[in-house]
Amino acid sequence: MSGPVTLTATIAEGLEGLRFFGALPLRLRRPIPRESARAAVRERLARRGEGLLTLARTAIFPFPASPYARLLAHAGLAYGDLEGLVARQGLDEALAHLFRSGVYLTGDELKGRHPVVRGNLRFTIDTGALRNPTVVPHLLATSSGSRGRGTMVALDLRSVRDQATNTCLELHARGALGWRHAAWRVPGGAQLTQTIRYAMAGTRFERTFTPVDPGMASLHPRYRWSERILRWAMRAGGHPMPPLEHVALDRPLPILQWMARVLREGGVPHVLCYSSGGARLCRAAVDAGIGIAGARLTVGGEPVTSARLAAIAAAGVVAGWRYGCTEAGGILAVGCLAPRSAGELHFMHDLRAVIQPGADGATAGLPPRALLVTSLRPITPLVLLNASLGDEGTLGSRDCGCPMEAEGWTTHLEELRSFEKLTIGGMCLAHADLGRLVDEVLPARFGGGPADWQLVEEEATDGAPHLYLAASPRLGPLAGDAVSDAVLSWIGRGDGVERIASILYRDGGFVRMVRREPFTTSGKVGHVHVARADSTASAGSRHA
Ligand SMILES: [Zn+2]
């Protein structure tokens with residue numbers, strides 16, 4: 001990137017930071033009472049259709065350049081048609097109708113990796129095209145997407161407060177307001193908004209651990225900037241934040257010692273971390289003989305599998321989980337407290353709608369169980385209308401009887417998995433980008449062709465994630481270190497999230513080379529192959 005571009009971006013980020021600093025302290029003074037949170041969620045649930053229509057009226061139809069305005073126009077749908085559909089068929093059916101009319105975005109279209117093509121309509125989505133034009137951001141967050149475009153997500157404090165009402169109810173439901181909270185996640189937008197949501201809900205983080213050294217010179221200055229701004233604003237609002245402490249993935253002792261101390265003091269330690277990080281933490285406790293039974297974890301950012309949950313339970317620790325995505329503006333679903341399957345969730349459909357394409361997905365290149373998400377709040381920073389975030393799962397309803405159900409979140413989501421990205425260590429790598437690595441970068445440097453290389457995401461039986469590179473034995477002698485190094489350098493080409501991912505993967509020993517023929521699915525070699533301990537294998541698409 002050229003100097004001036006970076007400088008302009010930094011000035012813009014600085015200005016947004018000042019707005020944020022002005023607005024946050026006031027919003028932190030009074031935590032959200034549980035009854036107000038309940039009333040807000042009930043109100044939003046009762047007006048879901050209206051939420052979509054308001055968003056369409058204010059943020060889509062007045063802006064002909066909006067990707068959704070173009071898709072709707074191409075489908076011949078004006079605002080009145082949308083209003084009629086919602087009135088006659090209800091919100092979810094109206095969204096299904098829109099999908100069948102071509103009004104949706106796949107993950108690759110959303111990120112600008114593929115052009116949007118519907119009949120004779122063809123365009124590519126630029127960075128910022130999905131930002132809500134009516135929202136003035138208070139701070140920019142960085143999503144955990146894998147590459148350059150569209151990784152900056154605007155944060156609006158009104159929207160964070162929308163989410164904080166749900167956080168408040170979630171914490172009450174789990175009896176978690178009196179727990180002592182810590183986080184062990186990479187620095188960035190997700191952790192910043194989490195800190196604000198907790199403060200708005202009336203609690204705070206006692207410790208914040210990060211697996212990546214936040215002082216690393218190679219990180220983009222925005223990480224330090226956004227962290228510093230939040231720190232000032234939180235202090236001004238009466239919620240001082242603990243310092244960031246670097247705790248590498250393979251040396252979690254400081255976290256275990258904190259948990260053990262809180263337990264000795266009669267408290268309940270609670271750590272927010274990635275699913276594999278939680279499993280790692282609990283295995284380390286068992287190995288080191290440190291008693292942390294009775295502690296709590298909230299895991300996410302990666303599949304919540306039965307192998308990972310078993311590793312956590314073996315240390316006597318109780319896990320909760322959730323499903324979030326910075327691109328979608330935060331948390332989409334919270335863990336069921338009476339789950340019938342590993343990682344069962346309640347989708348928070350007061351903030352967003354979710355539908356699935358079913359058999360109609362084939363024309364869009366989407367699996368039948370893909371989750372198409374729609375923003376229902378007019379103040380959402382990023383507008384999603386039938387947008388695929390690259391995840392799939394099983395949606396349904398059942399009477400679980402847990403408190404999340406009682407709050408009105410009656411849509412259950414099970415078997416959540418990604419289909420067009422790898423999620424390892426809480427970071428996402430798009431199959432489309434990894435395709436270039438396997439098809440072009442590695443063959444050019446080490447020989448062979450695309451069918452000789454494959455990235456395999458494998459979950460060991462103890463829940464540990466491994467990203468390994470299958471290199472065909474036909475390639476002859478190869479130095480494993482040089483190949484792993486080439487993969488990590490390629491992943492870490494940017495200065496933001498990509499760099500964080502490569503540091504994390506290097507530290508965590510996630511990438512190694514294995515000499516074996518790539519896996520084939522239906523006779524084809526995929527760029528990416530996923531093999532989990534508790535589910536059947538699935539392959540990434542080669543045409544991506
Ligand atoms: Zn439940």
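Reader: Let's start with the overview. How many helices and strands does the secondary structure of the chain come to?

Author: You'll find 18 helices and 25 strands in the chain. Keep in mind that this is a predicted model. Buried residues account for 59% of the 544 residues. As for contacts between residues at least 6 apart in sequence, 68% of them join residues at least 24 apart.

Reader: On to the metal. Which residues are the protein donors of the zinc ion?

Author: Cys336, Cys400 and Cys402 each give their SG, and His346 gives its NE2. These donors lie 2.1 to 2.3 Å from the zinc ion. Along the chain, the donors follow the spacing C-x9-H-x53-C-x1-C.

Reader: Are His346 and Cys400 buried or exposed?

Author: Both of them are buried.

Reader: How should I read the geometry, and what arrangement do the four donor atoms around the zinc ion make?

Author: Here's the general idea: ideal angles at a metal are 109.5 degrees for four tetrahedral donors. In this model the angles subtended by the four donor atoms run from 98 to 122 degrees, so the arrangement is tetrahedral. The cut-off behind that reasoning is that all angles must lie between 85 and 135 degrees.

Reader: Now the charged side chains. How many salt bridges does the structure hold?

Author: The general idea is that side chains of opposite charge can pair when their charged atoms come close. This structure holds 21 salt bridges. Take Arg44 and Asp350, whose side chains meet with 3.0 Å from N to O.

Reader: Which residues are linked with Arg44 and Asp350 in a network of salt bridges?

Author: Asp162 and Arg377 are linked with them in that network.

Reader: Can you give me two other salt bridges to look at?

Author: Arg47 pairs with Glu43, with the closest N and O atoms 2.8 Å apart. Arg47 is partly exposed, at a relative accessible area of 41%, and Glu43 is partly exposed too, at 42%. Then there's Arg118 with Glu109, where the closest N and O atoms are 2.9 Å apart. Arg118 counts as buried because its relative accessibility is 8%, and Glu109 counts as buried at 7%. The cut-off you need there is that buried means under 20%.

Reader: Helix packing next. At what angle do helix α11 and helix α12 cross?

Author: In general, two packed helices are described by the angle between their axes and the distance between the axes. Here, the axes of α11 (residues 253-264) and α12 (residues 275-288) cross at roughly 75 degrees and come within 10 Å. That makes α11 roughly perpendicular to α12. On the α11 side the contact is made by Ile255, Leu256 and Met259, and on the α12 side by Leu281, Ala284 and Ala285.

Reader: And how do helix α3 and helix α6 pack?

Author: Their axes are 9 Å apart, at an angle of about 40 degrees; α3 covers residues 48-60 and α6 covers residues 91-100. That makes α3 oblique to α6. If you want to find the meeting point, look for Arg48, Gly49 and Leu52 in α3 against Leu91, Asp92 and Leu95 in α6.

Key. Residues are numbered from 1 along each chain as its sequence is written. This is a predicted model: local features need pLDDT of at least 70, side-chain atom pairs count only at pLDDT 80 or more; totals for chains, interfaces and linings use all residues. Side-chain values use heavy atoms; hydrogens and water are left out. Donors are N, O and S atoms within 2.8 Å of the metal (3.2 Å for Na, K and Ca); water is not among the atoms, so sites may look incomplete. Four donors count as tetrahedral if all angles lie between 85 and 135 degrees; four count as square planar and six as octahedral if opposite donors are over 155 degrees apart and all others between 65 and 115; anything else is irregular. Buried means under 20% relative accessible area, exposed over 50%, partly exposed in between (1.4 Å probe, protein chains only). A salt bridge is a side-chain nitrogen of Lys or Arg within 4 Å of a carboxyl oxygen of Asp or Glu. Axes are lines fitted to C-alpha atoms, for helices over the stretch in contact, and angles run from 0 to 180 degrees between N-to-C directions. Helices (H or I, at least four residues) and strands (E, at least two) are DSSP runs, numbered from the N terminus. Angles under 35 degrees count as roughly parallel, over 145 as roughly antiparallel, 65 to 115 as roughly perpendicular and the rest as oblique. Contact means heavy atoms within 4.5 Å.
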